[in-house]
There are 2 protein chains.
Amino acid sequence: MDAADVAEIFDKVDVPSCIALFRLVPQVQRTELFSYLSFDRQEELLDRLPDVVVTSLLNQMEPADRTQLFEDLDEVLRDKLIEKLTFKERAIAEKLLAYPEGSVGRLMSPEFIALREEMKATEALNHLRWYADGYTEAALHHLFVVDSSSKLLGHVSLASLVVADPSSALVKSLMDSPQPSLRATADEEEAAGFFRKYDTPYIPIVDDKDVLVGIVEAEAAFDVAEEEATEDIQQFGGQATLEDSYFQTSTVELIKKRAGWLALLFLGTMFTTNAMEHFEAVVKAASILVMFLPLIVSSGGNSGSQAASLMIRSLAVKEVSLRDWYRVLFREIAIGACLGLILGVLGYARAVIGGQGQLIGVVLACSLVGIVTFGAIIGSMLPLLLKALRLDPAVSSSPAIASVVDVVGIFIFFNIAIIIMHRYAGISF
Amino acid sequence: MDAADVAEIFDKVDVPSCIALFRLVPQVQRTELFSYLSFDRQEELLDRLPDVVVTSLLNQMEPADRTQLFEDLDEVLRDKLIEKLTFKERAIAEKLLAYPEGSVGRLMSPEFIALREEMKATEALNHLRWYADGYTEAALHHLFVVDSSSKLLGHVSLASLVVADPSSALVKSLMDSPQPSLRATADEEEAAGFFRKYDTPYIPIVDDKDVLVGIVEAEAAFDVAEEEATEDIQQFGGQATLEDSYFQTSTVELIKKRAGWLALLFLGTMFTTNAMEHFEAVVKAASILVMFLPLIVSSGGNSGSQAASLMIRSLAVKEVSLRDWYRVLFREIAIGACLGLILGVLGYARAVIGGQGQLIGVVLACSLVGIVTFGAIIGSMLPLLLKALRLDPAVSSSPAIASVVDVVGIFIFFNIAIIIMHRYAGISF
């Protein structure tokens, strides 16, 4: 069984069993297993395992995994644990934790082997054999060429060194052309964007002087991209994002995450009541209009929800940028109008077939064109506006857009009804 | 500049410029650049470049990239292009295209080097040097150990071969313990799930006899996971999923993708009108209730949207499975009731402060508890039901849930109003 499969079992059993089982795991497999455990289990084990075991686990963990663990621990405990590290590991851990939370530096593995251009392939291989101990597989496969001031010049794969003519080939001749890199202080979402664009298994990470400081592997960015997508869909659903999985989050926590937005949406939607009160005379005189109100108004929210989900995802994967806003706007007006017309025909048919007559049909059709277009505009522009304000575009959730469109939709619907019924039927309210 | 950056420019200029520029690209860089282009541009170039260039591009492309291109081409053109391949490349292309669309086999790179357990490290390295030509970097870094019937036994990294004592170490002693693999016919989403679970740069792919047939790298599964997330958020927004990016999709296509669901939602929401007609007497007699209708009913949709987004994502990343349905149900009833109570207090306050009186306040509060709880139930159960029916859970979009909750919400609201107003104010409708 792979460590990840064993970790799944450890995450499911209760804490005492987990500790009892952990003691049975052969020493050499403990670190990998520990790295795969959920944060809660890691915390429990650190608390309850003998000191000597904790010390060996922490010193043997891969630096990137250890950073993930440390950044979630409370500071007092973290400092206590850092003291258990050897001088070398402590320096690594402190350097990584010095990068801001959510930065590429926190995802990074600081272990890499640097070669010089003028080395021969055999020298490079000997250098690697000499220093290999303690490096990860990825760090041994992807070697970097730096100049005398440690600036990144390029990349050499272990494969090309092995395959090269051993006595004569120079590292320089085997090196790839200068490749894109990321700053350690860049947002971790940029690492995900990097793999979206470049088809490569790792990113070289440099500091602000272009000095190579580590690498980020595709697997690490995979998790970031997955988390990003999870956050976006949760926010778009109209709630605060969860930090853990559904079942790992307590019921109280779930209520907290959902109640805030739900209450805010409720307060926002309260304006629908004010809007309705504004048209009280119409409501009382023409209850037939009220029958169609939920139908007409919700169509605007639906159209807005469609446009918003397109924009939120397009912004996340950088297919649309802020500069495109007017192109999006014109497009969404055209699309909204067409969609409104299609629904307008359906609405007209519903009124005529349902026996409410052509006049009501015309009111429904005109309102639908207006409301569906308005929905598409709000749905597409709100995410862009939030982005411009440096907020998360996904906050323009489906329910939030529906709320805005509900309030405005009531005005559009009743005003169109008043105008049409006055002009064509001589009815005044 | 990296090929991916150049490809971005090529994707933006018009077709004649794109072809003119492509002629200027040095021959050795053309294949990589071509692989990075969007499908539309690839198609145009295949159509307009000289035959000899097309032939060399197709023969030099990495098999996995070529499969991606071929699977989107129409069959006649594809067959014509396959004929341009050399005997060896044609065999590879046809083998990969024989796997079903959307399967792991289509993502797979069929190039790998197989070693035997009894080889010495030096023999293995010589074997690799001898056969290296034409293999990708990843295929040279991750070597596989197979038995005499080509069954997968384990993995050896190039790094461990290089670092090992060259004359005495056996492949067997350097081999990792048997590792998880995937079937070539498995759904490509399983490849994404694999990287979610295991922290590894590649997956060994086997056929139904456990014979190794290729590898899938993390970068390839990254794109699959990204696409999955895009599809989920678009569907959750209430529309059919786009095949291209927002701007690459034509306006007509966008309208088609959105009109279907919008019309369907409109037809579904039509039941609100029937529901309203059912309570026509109440609507006419108590217009004050109507004023609050959009507010109360939309809260149920919001609560449902929250629960649905949690379930859709939890199902996608396999944190929740179908078997958990009753745990989810009990939880959502509890959470829904609490959220309903919170909104109920707000609703009661709104009615009292707004001067509509305590009785209306009680009607609002009771309705909110009922509707918000109902929303949470529908929002959480609909994705699970769709999953059980082997449909995509994300089809239970935010607007779809709002529609269902709207219809039922009207019944809940008016019935609670009728009961309370009859019992405590003696009003009958």
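Q: Which residues of helix α4 (residues 39-48) of chain A are buried, and what covers them?
A: In this predicted model, the cover over the buried residues of α4(A) includes α1 (3-12), α2 (15-24), α3 (27-36), α5 (51-60), α6 (63-72) and α7 (75-82) of chain A, where contact means heavy atoms within 4.5 Å and helices are DSSP runs (H or I, at least four residues) numbered from the N terminus. Buried means under 20% relative accessible area, with a 1.4 Å probe and protein chains only, and the residues of α4(A) in that class are A:R41, A:Q42, A:L45 and A:L46.

Q: Within what arc do the buried residues of α4(A) fall?
A: An α-helix has 3.6 residues a turn, so residues three or four places apart point the same way. The arc is taken from the directions from the helix axis to the C-beta atoms. The buried residues of α4(A) line one face of the helix, because seen down its axis they fall within an arc of 135°.

Q: How many nonpolar residues are in the contact of α18(A) with α16(B)?
A: Among the residues that meet there are A:F292, A:L295 and A:L310 of α18(A) and B:W261, B:L265 and B:F266 of α16(B). Ala, Val, Leu, Ile, Met, Phe, Trp, Tyr, Cys and Pro count as nonpolar, Asp, Glu, Lys and Arg as charged, and the others, Gly among them, as polar. Beside eight polar and two charged residues, the number of nonpolar ones is 14.

Q: Which residues of chain A does B:E332 touch?
A: B:E332 lies in helix α19 (residues 325-353) of chain B and counts as buried because its relative accessibility is 1%. Not counting residues up to four places away in sequence, B:E332 touches B:A307, B:A376 and B:S380 and, from chain A, A:Y246 and A:R258.

Q: What is the relative accessible area of B:V145?
A: B:V145 sits in strand β2 (residues 142-146) of chain B, strands being DSSP runs of E with at least two residues. Its contacts, not counting residues up to four places away in sequence, include B:L115, B:L153 and B:V171. B:V145 is buried, and its relative accessible area is 0%.

Q: Which pLDDT do side-chain atom pairs need to count?
A: Residues are numbered from 1 along each chain as written, chains are lettered from A and ligands numbered from 1 in the order written, and side-chain values use heavy atoms, without hydrogens and water. Totals for chains, interfaces and linings use all residues, whereas local features need pLDDT of at least 70 and side-chain atom pairs count only at pLDDT 80 or more.

Notes: Buried < 20%, exposed > 50% of the residue type's maximum accessible area, 1.4 Å probe, protein only.
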